Every structure is written in structure tokens, then in C-alpha cells.
Amino acid sequence: MLEIHPSYPALASLVEKYPAHRGSLFQTYNDILLAQQWRDVQVIDLGDCRRGALRGKRPKTATDPESLLDVIPCSLAESITLAWYRQLYLAVVSDDSSIVYYKLSPGIVKPSI
Amino acid sequence: MILVHFIYLCTPLYCILYHMPNVSKKNPRIKCARLISFRLHSTMNKGGARRYENNRTYAHPLPLIFLDSSSNRTRSILGLLGLSRSQVNNPHCEGYYDASTRSVWVVTQRDSEILWRRGFFGKGNLSRSEPSWFVRQIQDRQSRKVTSNTSNFSCQEMTSEEIREKRRVERKQFKLDRAAAIAKVAAEAETIFETEGRVVVPALFGPEIPSGATWKPKAAEIEPSLDPKLSNAENETAVENEEGGEEPLEDMEHLQLTLSEAFFLAWNLDCLTILDPETDEPLSLPDIWNTFQHAHLAFPIPSFPASELQFDNPFLVHYAVYHHYRSLGWVVKNGLKFCVDYLLYKRGPVFTHAEFAIVVCPVYEDPQDQEISNTNLQNASPFTWSWLSTINRANSQVMKTLILAYVTIPARQRLSRQTLNSPACFAHYSVREVIVRRFIPARMRD
């Protein structure tokens, strides 16, 4: 079903390269692009992790050029190590298309408010 | 002459009292009251109207409807004999099986609506519950063309996403107000110390600091269009830009059913046909049974040669729980947002919040099976106290009761492999619930 979806062309290369993660990448890409409406969404290949990731800007901070954020999609069944990354969002995808986003930062970070 | 003029101005109920002119001195009581109701219910406020609408839209708990056109008398007479003339109205919905996302996609508007409205099956893949992405996009486009005052609160009801945004904005404002109040109290304590030398401990709560119970959102913020000419000019340019680049909007959303939901509908109610996306052919029940289990084994690529199906397949374990609660009348939805497996709603997400959060804990009847198993079932091994404490705390905050649903996986020795060929194997699974509540001896004595 993925192949006939309008979003497929943007993801085609990564879906073929890393088939194990194609479901979560597809769902996260659609959610970020269409539902959350992030701007300048790019699809990135994380070769060392052997998975794809997304990068873009949230609509509220879209005008700020520094505000590129990284999103790594994964599914509930996986165990994942991301110790080497600085700051990113982890998108956990479930079978019914529910996605929860976790913001991961190194160390303890106090909430802004 | 006493004129008593009484008009209730709450929709949809109007109450008009008739007065009797000269009789009033002898009989001061109002002679008669006629209640004219425009709708056939007795609730008198906006919440009531919405409840009425919800009761109408979500009247059917399952996609199958039973229609009986005979009169009440015929029905009661036949009922005494144990007979019924009801006919089953089956909507015959269709969905496509997708291996990558391990779900069934319902792509037609008609089927999505039926499955959501009759039983809350599925979830819009671009929405938080009901598929509402298309509606939200249209409202967005319209609000960009109209002046900012009227925005999304025009004639239509807000989608649940819009309500959520409004709630988040209010919560953020509350947090800012609270932080400002705390800072102010701290600053006052500082000045008192500097001027008088007295130490005052700045409080983090108290009468001066807004809390969840006392804070009220400011009255509706209407964006000030100070100069009507200016705002109109801005809007005109905005409209021109939009119309130049406006593409016809295609609905990119579908209703996504989990494999458990799809199997429940297909096997128990026979109201869902699951199609193979490559061939457009309906899958037979044995096909569905095998495919759904294999989907959980080597995800998402089926392994060659196909590995043998076992009793501890995650599909079987989760379906046992799903079926157990659905057949008891609960609406079972995904619990990812609260770190649990399922949420139980009494009637549906539209009516009340979920009261129970379920965590599926599989238990092997024969511990040997667990050792030789390839599947790594979640929560099948003893869990840590910190995990339980975290989940309990998260759910207590949102006023849900945590339930551990223990599913017993039958032993391989006891049953033949043939049992796994059909859903008859579920007779050997059992589900037991354990409710977890934190006990605080100091506080819970009263």
C-alpha cells in the first residue's frame, strides 16, 4: 500500500535500503509533513544507525534558520541506542498510527517554563 | 392586571406562560404553563445539545444494526415465544492489508465513517482519533481568507484537534502566569530581607500563586483589527497570494485499523472484507489468520521458509485481550500515550475519558516454552519495581486505574499443533486482571 501513496517518491530510496523501518518512517513522514505541518522537511539517511530520519522546522519557529530539528522514527518493538546524538526527537509509532514524540537531550534538562 | 411574562432563553427549550388578566386578583397563581420544546429532550444548555448530538451520531455500539419493523405488540408477543423478526443490517466494509505498517487501511469515506461511528474502530492516520485531516485543512484555508476575528470558531464545531490546541495555549498561559507569580513572591522576599532583615521563605503555592483550580483563562482574545481598512487590505493581498497558488485538496488520510480490530470485525461480525493490496482480492479467513500472525514474526518482511506458528505469537496474545474486553462491551483503544497497551472506554472516547489503562502481561503455562521461544514478548519476564511505579504514577496523574491483564499462554506439550490452525485455540487462553493502586499508609487511613 505504501507504493501507491503520494508520499512514496520522497521516501522510496530509504524504504528500499532499510526495509525493516519503512512502516515507521512512512507514518512519521506523513504525520510531520501533513498533520504537524512542518516546513522544509528533508529525509536523511543515517548510515551508521542503518535507518532513515527526518529533518525539518516546526511551523511556529519556521522563520528562524537555526531551528532545524531531527526526528528519528522507530516502532514499539525495537530497542534503539542513540547515545551519540546531541538533541533529537524520537517518534515512536504504533500499529494504529498513534505517534508519540519524545525529546531526547543529553543529561538532565529542566523544562523551559 | 398582573402580567407575568416568562421567557427562557436557553436553546432549545422555550417556556411561555399564559396570564389571566382579571382573574389575577382572585387567583394570583399562574393559570397554565405551556412548554414548547423544539427538540425532543429535556436538557437545557449547550452541553446538553452536544450530548444529544453525540447520542444520535454514536447510537450504535457495533457496525451491525438490528432492524425490526414490526409493531411493539408483535414484538412482545413473538418475544414471549423466543422469536424475533429482526433483520441484520450489515454495512459490508472493505479495507486493505498493509504489511509495512502492520495494519488494515480503510480508504473510503463511507466505510471509515461507519466503522468509527459504530463502535469507534480505528484511527485516522493524520488525526488524533476520528479522521478529520481534510476538514482541518479546509478550515485552515478558509480562515486564511476570512478576517482574523472569525477564524475557526465560525459556524462549524471545532474538531478535537482544535480543542486540544486551545487547551494547550491556555495551559501555557497558566504556566507563564504561575512562573511570573512565583518570581514576584521571590522578589518580594528578597526586598523584605534587604530592608528589614527578616527571612521570608518564598512559597511555591498559596493564595498569591495561581494553581490549576484557581486560574481562569482570559476572556476570548479577539485579535485587534484596529484599522479596518488596513486589515482588509492585508486580507486582500493574502487572498490573492492564496488563490494564485491554491491547489485542489486531496484527502491524504485513511482510517487505520489494528490487526486485532480488523480480525474482530472480520471474524466475529463479518462486516469487514480485507483485501490483498497487490491483487485486490479478498483474503479468506484462514489466510487472514495466518498472515496476521506471520506479520508479527519477522517484521515487516516475511521470512523464508515461513517459520512455524506458535502459541506465544504476539497477535494471539494481544487479540485475546482485545476480544475479552470488546466482548464485555468496552471500547478498546491504543494506550501508547499513557505508556500502556490499551485504554478502556465505557462508551467511547467521545463520551468520557478512559477509566482503565491495561498492560498486557503474558504468562507461559510452561516455563520451558519461554526459554526455547524466539519471540521476545514484552512484559513476559518479571518486571522491575521502577517500571511498575513509573506506569502507575503516569496513569494516576491522569486519573486512570492501572490494570495488569495476565494472559496465560497454553503449553506446547499439552496441545497439538493443529489447534493453532483456527481461532478455536483461544479457548485455551485465559485473561485475569490485577488492579494496581498505590497505597500510602499515612494518607489512606481516613
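## Stop 1: an aspartate in chain B

The backbone nitrogen of Val360(B) lies 2.8 Å from a polar atom of the side chain of Asp341(B). Before going further, note that this is a predicted model, in which local features need pLDDT of at least 70, side-chain atom pairs count only at pLDDT 80 or more, and totals for chains, interfaces and linings use all residues. Residues are numbered from 1 along each chain as its sequence is written, chains are lettered from A and ligands numbered from 1 in the order in which they are written, and side-chain values use heavy atoms, with hydrogens and water left out.

Stay on Asp341(B). Its place is the loop between strand 10 (331–334) and strand 11 (342–345) of chain B. Helices (H or I, at least four residues) and strands (E, at least two) are DSSP runs, numbered from the N terminus. Asp341(B) is partly exposed, at 22% relative accessible area. The classes are buried under 20% relative accessible area, exposed over 50%, and partly exposed in between (1.4 Å probe, protein chains only).

Now show what surrounds Asp341(B). Leaving out residues up to four places away in sequence, Asp341(B) touches His318(B), Lys333(B), Asn334(B), Gly335(B), Ile358(B), Val359(B), Val360(B) and Asn379(B). Contact here means heavy atoms within 4.5 Å.

## Stop 2: all of chain B

Zoom out and colour chain B by secondary structure. Chain B has 11 helices and 14 strands. Of its 446 residues, 34% are buried. Among the contacts in chain B with a separation of 6 or more, 62% are between residues 24 or more positions apart.

## Stop 3: a salt bridge in a helix

Select helix 5 (residues 160–196) of chain B. Arg168(B) and Glu165(B) both lie there, 3 residues apart, about one turn of the helix. They form a salt bridge, the closest N and O atoms being 3.8 Å apart. The rule asks for a side-chain nitrogen of Lys or Arg within 4 Å of a carboxyl oxygen of Asp or Glu. Arg168(B) is partly exposed at 49% relative accessibility, and Glu165(B) is partly exposed at 35%. Over all chains, the search finds 14 salt bridges.

## Stop 4: a salt bridge in chain A

Move to Lys57(A) and Asp40(A). Their side chains meet in a salt bridge, 3.4 Å from N to O. Lys57(A) lies in strand 2 (residues 51–57) and Asp40(A) in strand 1 (residues 39–46) of chain A, so the pair ties together parts that are 17 residues apart in sequence. Is Lys57(A) buried or exposed? Lys57(A) counts as buried, at 12% relative accessibility. Asp40(A) is partly exposed, at 48%.

## Stop 5: where the chains meet

Select the contact between the chains: 26 residues from chain A and 33 residues from chain B. Chain A and chain B bury about 2700 Å² between them, 61% of it on carbon and sulfur atoms. Buried area is the accessible area (1.4 Å probe) that two parts lose on being put together, summed over both. Highlight Met1(A), Asp95(A) and Ile113(A): they supply 28% of the area that chain A buries against chain B, more than any other three residues.

How many salt bridges are there between chain A and chain B? The count is 1. Pick Asp95(A) and Arg102(B), whose side chains meet at 3.5 Å, N to O. Asp95(A) lies in the loop between strand 4 (88–93) and strand 5 of chain A, and Arg102(B) in the loop between strand 5 (93–98) and strand 6 (103–106) of chain B, so the pair joins two chains. Asp95(A) is partly exposed at 21% relative accessibility, whereas Arg102(B) is buried at 12%.

End on Asn125(B), in the loop between strand 7 (123–124) and helix 4 (133–145) of chain B. Asn125(B) is buried, at 8% relative accessible area. Its contacts, not counting residues up to four places away in sequence, are Ser97(A), Met252(B), Glu253(B), His254(B) and Gln256(B).

Notes: A polar contact is a pair of N or O atoms within 3.5 Å; within protein, one must be able to donate a hydrogen and the other to accept it, and residues adjacent in sequence count only if both atoms are side-chain atoms.
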